[in-house]
Amino acid sequence: MEGAPLFLVFLGAPGAGKGTQARLLSEKLGIPQVSTGDIFRENLNKGTKLGLLAKGYMEKGELVPDEITVAMVKERLSRPDCARGAILDGFPRTIAQAEALDRILAEKGASLTAVPYIKVSEEVLLARLSGRWICRNCGAVYHMIYNPPKVPGICDICGGELYQREDDKPEVAKNRLKVYFEQTAPLIEYYKRRGLLVEVNGEQSIEKVQEDLEAIIESHDCP
Ligand code: AMP
């Protein structure tokens with residue numbers, strides 16, 4: 001018999017490793033990674049109306065307004081590939097978004113399974129953001145020092161070209177961290193109160209963080 005759908009929220013600051021970990025776990029569990037940052041970037045690259053709406057906020061490291069973001073996530077979670085669940089990466093980022101997510105899931109007859117919080121100190125976050133390179137083709141994430149590609153500038157997985165995100169440059173990265181501490185960090189308490197938060201030490205190796213996440217999934221008796 002099919003178990004209940006598995007909806008996870010990966011909480012953590014920019015640079016905590018949410019994207020890297022969500023991608024790995026998504027492959028193992030066969031449920032999609034839903035990254036609001038990736039969806040905005042795709043729309044920006046394609047020049048869609050949504051991309052144009054998000055552009056100004058993203059360039060400054062500010063949050064895109066809740067209404068726009070929530071509508072986008074609602075549409076994404078309504079697609080058939082999310083029937084067995086999804087790993088949300090970069091959403092919710094405000095209490096209002098978290099409340100909206102509860103409503104979206106309730107309408108589907110589902111609820112959140114767990115909220116792994118990938119904890120990393122502020123100094124490490126800034127160092128990680130400044131060395132981050134991303135594949136233009138498949139979105140894989142590298143770090144010049146901690147996780148370099150085999151050939152500089154080329155993705156190990158698909159051979160695509162690697163680039164540095166504009167919003168990873170120091171001034172914008174600092175503002176993104178400020179916005180995180182002001183607007184997103186309150187979600188730690190929000191999910192703790194609801195008994196959903198599980199803290200993971202995000203300063204360990206990529207493999208060890210992944211193992212800890214898998215242990216969380218197992219302990220929740222997930223499919
Ligand atoms: P990320 O790739 O998650 O770091 O997101 C990059 C940028 O996209 C953020 O700095 C925001 O401008 C925007 N963004 C991504 N997710 C959200 C969200 N849940 N709410 C509002 N803005 C978001």
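Visitor: What is the relative accessibility of Cys 138?
Guide: This is a predicted model, in which local features need pLDDT of at least 70, side-chain atom pairs count only at pLDDT 80 or more, and totals for chains, interfaces and linings use all residues. Residues are numbered from 1 along each chain as its sequence is written, and side-chain values use heavy atoms, with hydrogens and water left out. A residue is buried under 20% relative accessible area, exposed over 50% and partly exposed in between, with a 1.4 Å probe and protein chains only. Cys 138 counts as partly exposed because its relative accessibility is 27%.

Visitor: How many disulfides does the structure hold?
Guide: A disulfide is taken to be a pair of cysteine sulfur atoms within 2.5 Å. The cysteine sulfur closest to that of Cys 138 belongs to Cys 155, and at 3.8 Å it is too far for a bond. For Cys 135 the closest cysteine sulfur, in Cys 158, is 3.6 Å away and therefore also too far for a bond. The number of disulfides in the structure is zero.

Visitor: In β7, which residue is the bridge partner of Ile 134?
Guide: Helices (H or I, at least four residues) and strands (E, at least two) are DSSP runs numbered from the N terminus, and two strands pair if DSSP finds at least two bridges between them. Strands β6, β5 and β7 form an open sheet in the order β6-β5-β7, with antiparallel pairing, and its edge strands, β6 (141-143) and β7 (162-163), each pair on one side only. Two bridges join β5 (residues 132-135) to β7. In β7, the bridge partner of Ile 134 is Tyr 163.

Visitor: Which residue of β8 is the bridge partner of Pro 116?
Guide: Strand β4 (residues 115-119) is mostly covered, with four of its five residues buried. Five bridges join β4 to β8 (residues 197-201), and these two strands run parallel. In β8, Pro 116 has as its bridge partner Val 198.

Visitor: With which side chain does the side chain of Gln 97 make a polar contact?
Guide: Gln 97 lies in helix α5 (residues 95-107), and it counts as buried because its relative accessibility is 2%. Leaving aside neighbours within four places in sequence, its contacts (heavy atoms within 4.5 Å) include Val 64, Thr 69 and Phe 91. A polar contact is a pair of N or O atoms within 3.5 Å; within protein, one must be able to donate a hydrogen and the other to accept it, and residues adjacent in sequence count only if both atoms are side-chain atoms. At 2.9 Å, the side chain of Gln 97 makes such a contact with that of Asp 66.

Visitor: What percentage of the area that the ligand exposes when taken alone does the protein bury?
Guide: Of the 16 residues around the ligand (each with a heavy atom within 4 Å of it), those that come nearest include Arg 41 and Gln 97, while helix α2 (residues 36-46) gives the most to the shell, with four residues. A polar side-chain atom of Arg 41 lies 2.9 Å from a ligand oxygen, and an N or O atom in the side chain of Arg 176 is 3.1 Å from an oxygen atom of the ligand. Taken alone the ligand exposes 480 Å², an accessible area from the Shrake-Rupley method with a 1.4 Å probe, where for residues only the protein chains shown count as cover. The share of this area that the protein buries is 96%.
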